[in-house]
Amino acid sequence: MSDFKRIGAEQAQKLRNEGGVFVDIRDAHSFAEGHIPGSTRLDNHSLPDFIAAADLDQPLIVSCYHGHSSQSAAAYLAHQGFSDVYSLDGGFEGWRNQFPQDIERGQQ
């Protein structure tokens, strides 16, 4: 597969509970201030190691601030061989609005 799908927070939460992997492409400060629990912050430096260690068949949900930048990142990751890639509609802000109790803080 060489494309991604868009996904809402509720469906993303379901995938998360089923073992889906979350990555967050926001800057380090924003990530530390709050992120989806269990998510990994991806940047240009961590990307090669993440791809090398990843299970390419596991659902992968990409989060950004508002759901725009994650679409480009999701498309890129789909082209890297991930078979089930999603862009989180509304990004982290949408997640925080829907699941304010389900936020983790600090570096990971």
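A residue counts as buried when its relative accessible area is under 20%, and this cut-off is applied below to a model that is predicted.

**Exercise 1.** Decide whether W95 is buried or exposed.

*Solution.* The relative accessibility of W95 is 0%. Buried means under 20%, so W95 counts as buried.

**Exercise 2.** Classify the ring pair formed by F22 and W95, and state where in the chain each partner lies.

*Solution.* The structure holds three aromatic pairs, among them F22 with W95, whose ring centres are 5.7 Å apart and whose planes stand at 70°. Rings pair if their centres lie within 6.5 Å, and planes over 60 degrees apart count as edge-to-face, so the pair of F22 and W95 is edge-to-face. As to location, F22 belongs to strand 2 (residues 21-24) and W95 to helix 5 (residues 91-98), so that the pair links distant parts of the chain, 73 residues apart.

**Exercise 3.** Classify the pair of W95 and F99, and say which residues the ring pairs link into a cluster.

*Solution.* The ring centres of W95 and F99 are 4.8 Å apart, with the planes at 50°, so this pair is tilted. Both W95 and F99 are buried. Taken together, ring pairs join F22, W95 and F99 into a cluster.

**Exercise 4.** Over the face of which rings does R26 lie?

*Solution.* R26 lies over the face of Y65, at 5.9 Å from the ring centre, and R26 also lies over the face of F92, where the distance from the ring centre is 4.2 Å.

Note on methods. Residues are numbered from 1 along each chain as its sequence is written. This is a predicted model: local features need pLDDT of at least 70, side-chain atom pairs count only at pLDDT 80 or more; totals for chains, interfaces and linings use all residues. Side-chain values use heavy atoms; hydrogens and water are left out. Rings of Phe, Tyr and Trp (its six-membered ring) pair if their centres lie within 6.5 Å; planes under 30 degrees apart count as stacked, over 60 as edge-to-face and the rest as tilted. Helices (H or I, at least four residues) and strands (E, at least two) are DSSP runs, numbered from the N terminus. Buried means under 20% relative accessible area, exposed over 50%, partly exposed in between (1.4 Å probe, protein chains only). A charge sits over a ring if NZ of Lys or CZ of Arg is within 6 Å of the ring centre and within 35 degrees of the ring normal.
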